Amino acid sequence: MATATASTPARDTGIGALLRHRAVGKLLLLAVAAAVVVPILNAKWASGAWPDALTVDLTEPLGRTTDWIIDNRDSHWLFTYFLGHVSNAIVLSVRGVYLVLLAAGWAGVTIGAGLIAWRVAGVKLAVMASTAFAVCGLLGMWVPTMQTLALMTVAVLASVVIGLLLGLAGGLNDRAFRILRPVLDTMQVLPAYAYLLPFALVFGMGVPAAIIATVVYAAPPMARLTALGLRGADGGVMEAVTSLGATGRQRLLSARLPLALKELLLGVNQTIMMALSMAVIASVIGAGGLGDRVYQALSTVDVGQALAAGIPIVLLAVVLDRVTGAAGERVGAHAEDNSPLRGPRGWSVAAAVTVVAALAARFADRVDWPTDWVVNIAPSVNTAKEWMVDHIYTGVPVVGGTADWAANFTEWVLNPVRDGLQGLPWWSVLLIVAALAWLIGTWQTALTAVAAMGAIGVLGVWNKSLDTLAQVLAGVAVTLVLGFATGIAASRSKRFERLLRPVLDVFQTMPQFVYLIPVVALFGIGRAPAVAAAVVYALPAVVRITTQGLRQVDAAAMESSRSLGATGWQQLRQVQLPLARPALMLALNQGVVLVLAVVVIGGLVGGGALGYDVVFGIAQGDLATGLVAGVAIVCLGLMLDRVTQPTTRREHSAKKGA
Amino acid sequence: MSEAVVTSKDTSEDTSEAPGDGPVFAVENLWKVFGPRAERIPGDSELTALDPAELRERTGCTAAVRDVSFEVKKGEVFVVMGLSGSGKSTLVRCLTRLIEPTSGSIRIDGEDVLAMDRARLRELRRHRASMVFQHFGLLPHRSVLDNVAYGLEIQGVGRAERRAKALEVVKKVGLEGLEQRKPGQLSGGQQQRVGLARALAVDPEVLLFDEPFSALDPLIRRDMQEEVVRLHREEGRTMVFITHDLSEALKLGDRIALMRDGRVVQLGTPEEIVGSPADDYVRDFVRDVARADVMSVRSAMRPVGEGEETPGAALAPDAKVTEAIEAVARSGFPVRVMDGKRCLGVVDHAGLLAVVAGTATAGPATPGPARTPAPGKGEVVA
């Protein structure tokens with residue numbers, strides 16, 4: 001179908017003409033198809049919202065499945081012989097790690113963390129790591145921090161092992177790679193939130209479900225980077241190793257794995273960050289720890305408590321990211337380590353000091369964080385928030401107030417977009433999705449996008465999904481305007497970029513969940529704060545990709561335009577932006593994916609729509625509702641990703657030539 | 001340059017002293033075809049007659065090596081030379097089956113390489129033929145010493161022993177004092193010395209070089225070429241050397257196989273290639289060569305005339321034309337060419353000028369098979 005349109009345009013009319021031609025051809029074809037199909041659909045099911053006749057009610061079968069699982073959890077062989085063991089193993093290992101951390105006491109953990117950071121990343125990060133843990137204690141969050149750390153440790157270990165095995169399979173076997181790659185790519189664009197319910201259904205609420213959801217979410221980057229790293233091994237080196245007569249195992253152990261070490265460490269870093277993010281979100285299905293404190297505090301709009309639990313999350317994220325990132329960078333560096341403490345000796349010193357510290361605290365009877373060292377920030381934060389509610393929510397002269405802004409945004413942006421979308425005939429939504437996806441990508445992506453959108457309709461959550469979609473669209477629009485503007489500014493001014501970089505670094509490492517805290521403090525609850533959190537979450541990635549894209553524009557092209565006397569604005573508009581188009585498209589794609597991920601979490605703070613259904617399903621034990629919403633979120637994610645996923649033109653035409 | 005040529009002459013004399021040894025590598029009718037159902041191509045006389053573009057059009061296959069035959073004698077430096085895409089790198093990889101040949105036969109010391117099982121093939125790669133690569137192929141995470149010892153490590157040699165051996169080889173290639181560096185900290189020339197040391201450390205029977213110096217600066221390249229000449233002079237190891245650089249080929253090679261589009265167009269000594277090019281392609285190729293540095297006085301010689309047997313300046317038959325020009329210019333008379341006590345002939349102004357001008361046809365005095373048969377049929381040297 002695509003071949004017919006693509007092969008017609010004459011090649012000698014230039015790329016621009018060809019492009020326009022192809023786009024027009026696609027649209028024409030789609031218009032013809034629509035002209036034939038739409039009247040039929042209209043006559044049969046009428047327009048307006050998704051017709052009831054085309055929905056499948058899954059509530060009952062899903063409810064039956066839920067009941068069956070709950071009834072059989074203690075008796076059926078599947079649970080008693082397999083899942084039960086998995087579940088027990090997880091509970092035991094998390095408890096084991098937790099007990100070790102508690103036994104080490106605050107002194108042991110704080111000093112031990114510092115020493116580990118010292119060994120892998122240097123003195124500066126060691127101080128940072130120790131300080132971060134001390135602050136967790138000061139905020140009165142020692143025990144939840146240790147719970148989260150125990151969860152993370154088990155989840156990260158499992159993710160790394162599973163990711164490594166999958167990555168080895170994909171890195172060494174072409175067929176495995178072909179199967180794995182699209183699956184992993186797709187898993188990366190799905191919102192974390194959608195992973196929660198299936199595991200809660202099978203394992204029940206609690207630590208095992210949370211850990212498994214975390215592993216499923218965090219293992220893909222490890223697998224992906226391992227496979228890519230192993231495949232990317234320098235062919236010349238591998239050939240040289242073969243030419244010396246190495247066996248397959250020698251090739252893997254002495255060459256391929258060491259060559260991929262940097263990617264492996266990057267994989268560990270990403271896995272840790274994603275595991276932290278998920279371990280916090282998984283508090284919704286009973287993970288406990290810091291995330292649970294935030295969740296409880298947010299549900300009562302207790303900003304002070306939420307902040308007290310949120311700060312340790314941010315600190316953990318920053319420390320873990322910096323330490324693992326620095327370890328990765330050290331691998332590539334050639335610095336000679338000649339200190340007397342290098343290698344195993346340094347590690348044994350670190351271990352010995354940690355043990356001494358832990359024992360000292362034990363003999364001083366100070367294993368637990370001393371209660372008189374706790375600074376309770378919640379009341380003062382809440383006082384500040386009350387003041388904000390009184391003074392800047394409404395009635396500030398000229399600019400209005402934050403609550404006013406939120407209300408206005410809801411009334412003038414979110415509502416019209418939602419009503420507009422819901423008012424469109426259902427088939428026209430499908431047509432728009434098809435047209436967008438096809439124009440930007442290939443007919444395969446268009447087909448996937450339409451199928452995903454259709455599935456949403458069939459599941460009977462059409463209107464709710466369009467509500468979520470409206471929030472996503474509004475969020476993406478705001479993100480892009482702010483992100484492109486900031487990105488362009490950063491690409492033009494070195495100083496601005498230097499100021500921005502550390503801010504972006506911190507923002508990009510923070511788990512999605514914590515973004516809800518400040519927006520609730522500022523805007524209260526509702527759909528607007530959910531969108532605001534999504535914008536803040538997606539902004540750093542968009543800014544960074546835009547800046548890099550603009551910076552990487554061919555210097556020769558820039559120079560030649562300057563030599564022709566172009567002004568800065570002309571340069572930006574006529575050279576930089578067109579040449580950076582792929583980067584801008586990537587920024588759009590990432591923006592859409594990230595905004596969706598947080599908009600659905602916004603269900604926790606009154607975002608409504610699909611996100612709320614998931615929370616409601618979990619809270620009420622109505623897993624059918626939750627699961628349907630979860631699947632709809634997955635479909636929405638797929639659709640949005642495919643619609644914004646450009647395929648390079650060359651690949652495209654090569655495929656057609658075959 | 002002249003020093004290098006003299007060296008290669010010396011070694012070729014060494015080989016002629018031990019004529020009983022069979023060839024190290026014997027390659028016969030070797031084909032390597034890339035593409036779908038490649039194995040049908042070599043046997044199909046209709047397809048083999050096509051030129052590369054037609055073949056790709058008809059079958060989607062590319063024949064990188066087409067019906068190549070040659071032998072590498074013990075102790076010689078055998079150069080395979082050709083432009084990029086001529087199939088020379090594929091050819092050298094076929095020798096140890098880093099690339100699996102499509103058809104033909106390869107023997108090393110009489111043993112069929114294509115019939116080897118995996119263990120035997122590993123044995124071949126570990127002990128008998130090691131390779132030096134254009135882009136070095138060093139392991140970036142290991143020190144120079146550990147890179148050099150890598151081949152021994154693979155063979156299971158103990159740590160102390162392999163380090164001692166590696167240290168010795170590191171000294172031999174002039175990298176003393178850099179043992180603990182990482183490859184990334186070395187210059188290109190130093191990295192290639194590591195590559196060379198790694199190949200030498202396993203003490204192989206044959207060294208294979210795949211354009212080893214193409215990535216290096218001209219000055220460093222010359223140093224490295226002299227390094228190879230020196231190593232060859234000291235150890236007399238058999239070498240197969242791939243290059244796209246004609247001057248490098250003439251400088252290093254005892255014999256040169258010139259490849260084009262996967263075929264060997266001409267195979268012979270540097271003098272034969274320059275003196276009697278087999279076809280226009282080769283002639284075009286060698287046009288800019290300083291012929292006087294490559295051709296021997298044999299090619300400029302004429303029979304002894306009346307009254308010319310008087311004593312005076314004399315030259316060996318392998319002396320280069322450059323030397324003869326100098327001798328003739330100095331004496332002002334024709335100079336005799338003496339093989340021991342026997343006078344083979346004389347060279348004079350006219351003969352020498354004819355060589356330099358390229359108008360001399362290689363006379364019957366040129367030893368060995370001067371010409372290959374029609375291009376396309378690789379020649380087997382007995």
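Before looking at domains, I noted that their bounds come from an automatic or database domain assignment. The model is predicted, so I kept its limits in view: local features need pLDDT of at least 70, side-chain atom pairs count only at pLDDT 80 or more, and totals for chains, interfaces and linings use all residues. Residues are numbered from 1 along each chain as its sequence is written, while chains are lettered from A and ligands numbered from 1 in the order in which they are written.

Entry on domains. I looked up the assignment for chain B and found domain 1 (2-22 + 71-285) and domain 2 (292-357). I took the centres of domain 1 and domain 2 of chain B over C-alpha atoms, and 35 Å separate them. For contacts I used C-beta atoms, placed from the backbone, that lie within 7 Å. By that rule eight residues of domain 1 of chain B are in contact with eight residues of domain 2 of chain B. On the domain 1 side, helix H1 (2-17) and helix H12 (270-275) of chain B are the elements that give two or more residues. H12(B) gives the most to that side, with four residues.

Entry on the whole chain. I list helices (H or I, at least four residues) and strands (E, at least two) as DSSP runs, numbered from the N terminus. Chain B has 16 helices and 13 strands. I call a residue buried if 20 or more other C-beta atoms, placed from the backbone, lie within 10 Å of its own. Buried residues are 45% of the 382 residues in chain B. I also checked contacts in chain B between residues at least 6 apart in sequence, and 69% of them join residues at least 24 apart.

Entry on one strand. I picked strand S1 (residues 25-34) of chain B, where seven of the ten residues are buried. Strands pair if DSSP finds at least two bridges between them. S1(B) runs antiparallel to strand S4 (residues 103-108) of chain B, with five bridges, and Trp31(B) stands opposite Ser103(B) there. With strand S2 (residues 62-72) of chain B, S1(B) pairs over seven bridges, also antiparallel. In that pairing I found Ala26(B) opposite Glu71(B).

Entry on the two chains. Which residue counts make up the contact? I found 18 residues from chain B and 14 residues from chain A. Helix H5 (118-128), strand S6 (129-132) and helix H7 (150-155) of chain B each give two or more residues to the chain B side.

Definitions and conventions: Contact = placed C-beta atoms within 7 Å. Buried ≥ 20, exposed ≤ 12 C-beta atoms within 10 Å, placed from the backbone.
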